[in-house]
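Let's take a friendly walk through this model together. Have the sequence and the 3D view open as you read.

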Amino acid sequence: MRLPYILVLLFCLLVALAANPAAAAERPNVLVILVDDLGYGDLSAFGATDLHTPHIDRLAARGMKFTRFYANCTVCSPTRASLLTGRYPDLVGVPGVIRTHPENSWGYLSPQVALLPAVLKQAGYRTAMIGKWHLGLEAPNLPNLRGFDHFHGFLGDMMDDYYHHRRHDQNYMRLNDQVIDPPGHATDLFTDWAVEWLSSYRHPEPFFLYLAYNAPHSPVQPPEQWLDRYRAAHPQVPELRARLAALVEHLDAGIGRVLAAIEESGRTKDTLVVFSSDNGGSLPHGSSNAPLAGGKQDMLEGGLRVPTCVAWPARIAAGSQTDRVALTMDLFATLCDLTGRAPPAPIDGRSFLPTLLGKSQPAEDRYLFWPRLEGGRRYQGRVYYAVRHGDWKLLQNAPGEPLRLYNLAADQHEESDVSAQQPEVYVRLKQELDRHIAEAATVPWKAPALEPNSTEPADR
C-alpha cells in the first residue's frame with residue numbers, strides 16, 4: 001500500500017532536482033578570500049611585471065578570471081557590507097567607512113538585514129570568518145551575532161602596526177567573543193588560523209569560510225626577510241613600490257598555504273574559491289592599478305575595478321575568462337544560487353553562476369551605483385557617486401565636483417568628458433542616480449541612540 005506513495009515522492013524529488021541543477025549537485029564548500037587595497041595591476045596574473053604571485057596566479061589559472069569585476073565602493077567597509085548583504089552599501093546603512101571614533105565613523109550596518117553566513121546556515125553550511133571584520137565593534141554587529149559560527153580575527157578597520165594589532169591603542173583582536181593578543185605578523189596569523197581551521201574541519205556539512213586579509217593595506221609593513229628577498233630580485237624598483245610588492249608577495253605565500261591545506265584535506269575539487277579585493281590599490285602607498293586611471297578613493301576605474309577570479313575544479317573550466325561586468329554584491333546572489341537557497345528580498349546583486357559554469361548568460365541591463373560618504377576637509381561629511389549603464393559612466397571624485405561622463409568602450413582611461421556631446425545620456429544617468437540617492441536617504445547610517453538611562457556611549 002505504501003509503494004505508490006513512495007513513487008510519488010520520488011517523482012516529486014526528481015522534478016525538483018531537474019528544476020534546480022544547483023541542488024542536484026553536491027553543495028561545494030565555499031572559501032571567499034577578500035584582500036585589502038590590492039590594485040588591478042598588483043598581481044602577475046593581471047599584468048604586473050615587477051612582482052611574482054604564483055599561488056594566486058595558479059588559482060586564477062585553474063578557474064575563471066574576471067577582467068571587469070568591480071568592488072562596491074572605493075573604500076573598505078561599504079564593499080564588505082555589500083559582500084555580506086548582496087545590496088548597495090548605502091541601502092544597508094554603510095555608505096562610508098566604519099571607524100573607531102564615532103565623530104569620524106560613516107556607517108552602521110542595519111541589524112535587520114540578513115547576512116550571507118546566516119542564509120548559508122539555513123542551507124546546511126557551517127560558517128566561519130577569519131581576518132578583518134570592519135563592520136562594527138559592538139553588539140549587534142559582531143561576527144558571531146550575524147551568522148558566523150566561528151570568528152578569529154580583527155574587529156576594527158586598519159591596524160596601526162601589523163605586529164602589534166592595535167588601532168588607536170585599542171586591541172580589537174578576538175577569538176569569538178574573547179579578547180586575544182597573539183604575537184606575529186597579521187598576515188601570518190590570519191593564514192595560520194585559516195589553515196588550522198581547515199585542517200581540523202571534520203563535519204559532514206559543507207563549510208563557508210570568509211577569509212579577509214588586511215594586506216596590503218597601509219601601513220605597508222612586509223616582514224624584513226620578504227623585503228630583503230624582493231630587493232635582491234628587483235634592485236631597481238623604488239622603495240615605495242618595493243615595500244608594497246614585498247607585502248603582496250608575502251600575502252600570496254599565505255594564500256598558497258591556505259590553498260595547500262584544502263588540497264591536503266582532499267577538498268580541492270569540491271571547494272569553490274573566490275578571490276577579490278575590497279577596492280582599488282592606494283597610489284600613495286605604492287600600489288598599481290595599471291592600465292586603469294586613478295586608485296583607492298577615486299570613482300575612476302582604478303579605484304573600483306579589482307582583480308578577481310573564481311575556481312571550482314569540479315564545475316568551472318580551467319583557464320576560462322570573462323569580461324562580464326559584475327560587482328562584489330553579486331557574490332551573494334551567486335552563492336545563494338549555487339547552494340539552491342533563494343536570497344532574501346530585497347537584493348540588488350545578480351547571480352553570475354551560469355557564467356561560471358560556462359553557460360550563455362546575457363549581460364545584465366541595469367544601472368550600477370557607487371556611493372561613498374566621508375568627512376575631512378575634502379569630503380566634509382558629504383557623499384560622492386558614480387553611476388554606470390552599459391559602457392556609459394557618470395562620476396565625480398569628491399562632493400561638489402561637476403559630474404563627468406565617459407564612454408568606457410572608447411575611453412578606458414577616462415580622459416575625455418563627453419557630457420556636452422551626449423546630453424541625453426548625461427540626463428538619463430543623472431536621473432537614475434537621483435532616484436538611488438532618494439532611496440538611500442531613507443536609510444539610517446548611525447547607531448540608534450541608547451535609552452536615556454543608559455550610561456554607555458550612543459554612537460561608538
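**Confidence, helices and rings**

Keep in mind that you are looking at a predicted model. The protein has an average pLDDT of 93, and 92% of the residues score at least 70.

Now turn to a pair of helices. Helix H6 (residues 186–199) packs with helix H8 (residues 239–264) at an angle of about 5°, and their axes are 9 Å apart. Angles under 35 degrees count as roughly parallel, so H6 is roughly parallel to H8. On the H6 side, the residues making the contact include Thr-187, Thr-191, Val-195 and Leu-198; on the H8 side, Leu-251, Gly-254, Val-258 and Ile-262 are among them. Sorted by class, this contact of H6 with H8 has 7 nonpolar, 5 polar and 3 charged residues.

Next, look at the aromatic rings, where the count comes to 16 aromatic pairs. How are the rings of Phe-148 and Phe-208 arranged? Their centres are 6.2 Å apart and their planes are at 20°, so the pair is stacked. Phe-148 lies in the loop between strand S4 (126–132) and strand S5 (150–154), while Phe-208 lies in strand S10 (residues 207–212), so the pair ties together parts that are 60 residues apart in sequence. Both Phe-148 and Phe-208 are buried. Together with Trp-133 and Tyr-210, Phe-148 and Phe-208 form one aromatic cluster.

Note on methods
Residues are numbered from 1 along each chain as its sequence is written. This is a predicted model: local features need pLDDT of at least 70, side-chain atom pairs count only at pLDDT 80 or more; totals for chains, interfaces and linings use all residues. Side-chain values use heavy atoms; hydrogens and water are left out. Axes are lines fitted to C-alpha atoms, for helices over the stretch in contact, and angles run from 0 to 180 degrees between N-to-C directions. Helices (H or I, at least four residues) and strands (E, at least two) are DSSP runs, numbered from the N terminus. Angles under 35 degrees count as roughly parallel, over 145 as roughly antiparallel, 65 to 115 as roughly perpendicular and the rest as oblique. Contact means heavy atoms within 4.5 Å. Ala, Val, Leu, Ile, Met, Phe, Trp, Tyr, Cys and Pro count as nonpolar, Asp, Glu, Lys and Arg as charged, and the others, Gly among them, as polar. pLDDT is the predictor's confidence in each residue, from 0 to 100. Rings of Phe, Tyr and Trp (its six-membered ring) pair if their centres lie within 6.5 Å; planes under 30 degrees apart count as stacked, over 60 as edge-to-face and the rest as tilted. Buried means under 20% relative accessible area, exposed over 50%, partly exposed in between (1.4 Å probe, protein chains only).
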